[in-house]
Amino acid sequence: MSSEPFKNVYLLPQTNQLLGLYTIIRDKNTTRPDFIFYSDRIIRLLVEEGLNHLPVENKDVDTHTSEVFNGVGFMGKICGVSIVRAGESMEQGLRDCCRSVRIGKILIQRDEETALPKLFYEKLPEDIADRYVFLLDPMLATGGSAMMATDVLIKRGVKPERIYFLNLICSKDGIDRYHAQFPDVKIVTGAIDKGLNEQKYLVPGLGDFGDRYYCI
């Protein structure tokens, strides 16, 4: 269900299992192999929750006992779009749940002169406007990169209500800034942190996700 008081924010159930996983990845003493393993478990949960919110239609199938099962089937195609590089860590989790899923990439980096996010590269499926899009980035801090990436998707014809932004940790300020510009985009997250420090890192946070996931 949606997390109050944030509309269109879906917070994973805060079970002991999930809190245990976050305790491990937030710990600065966790080894890189353990950080990757337990982050991947959370990513899989986020993808599963995102899939729960896709529209479905009724679908009947015949079973081996000559009975009819009244089920559902997904409506439309999906794709993933990762914000390089940290977002690429979430691609395998999506592939584990959705066979042969298309993946696009958007590279956004900080402009050293202006300190603002700048778009450097995009590679997206040609038919992305016809798909439901899982936007992948582990952290939503200030929201700058996420907003720029979402703007790229919308300019390519993707409807905001067809975008699902999946991330491991949000800040309250990041949610407010992001939804002020894109109120119809659904955010699926596992944690909402209290804020940002002077360096614009989430607190309590977990440090730089990309560095911890990719660097030895």
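Entry 1: I began with strand β2 (residues 56-62) and strand β3 (residues 68-74), which pair in the antiparallel sense over seven bridges. Strands here are DSSP runs of E of at least two residues, helices are runs of H or I of at least four residues, and both are numbered from the N terminus. I took two strands as paired if DSSP finds at least two bridges between them. K59 stands opposite G71 in β3. β2 and β3 form a hairpin with five residues between them, and S66 in the turn has a positive phi of about 65°.

**Entry 2: source.** I note that this is a predicted model, in which local features need pLDDT of at least 70 and side-chain atom pairs count only at pLDDT 80 or more, while totals for chains, interfaces and linings use all residues. Residues are numbered from 1 along each chain as its sequence is written, and side-chain values use heavy atoms, with hydrogens and water left out.

**Entry 3: sheet.** I traced an open sheet of seven strands with mixed pairing, in the order β1-β11-β9-β7-β4-β5-β6. β1 (9-11) and β6 (117-123) stand at the edges with a single partner strand each, so one side of each is left without a neighbour in the sheet. The twist averages 25° from one strand to the next. For angles, axes are lines fitted to C-alpha atoms, for helices over the stretch in contact, and the values run from 0 to 180 degrees between N-to-C directions. β1 and strand β11 (residues 186-189) run parallel, joined by three bridges. V9 stands opposite I187 in β11. Helix α4 (residues 144-155) packs on the sheet and touches β4 (77-84), β5 (102-110), β6, β7 (131-136) and β9 (163-167); contact means heavy atoms within 4.5 Å. The direction of α4 makes about 45° with that of β6.

**Entry 4: salt bridges.** I found that the structure holds 10 salt bridges, each a side-chain nitrogen of Lys or Arg within 4 Å of a carboxyl oxygen of Asp or Glu. One of them joins the side chains of R26 and D193 (2.8 Å, N to O). R26 lies in helix α1 (residues 16-26) and D193 in strand β12 (residues 192-193), so the pair ties together parts 167 residues apart in sequence. I checked burial (buried under 20% relative accessible area, exposed over 50%, partly exposed in between; 1.4 Å probe, protein chains only). D193 is buried at 3%, whereas R26 is partly exposed at 24%.

I also looked at D127 and K77, whose side chains meet in a salt bridge (3.0 Å, N to O). D127 is in the loop between β6 and β7 and K77 in strand β4, 50 residues apart.
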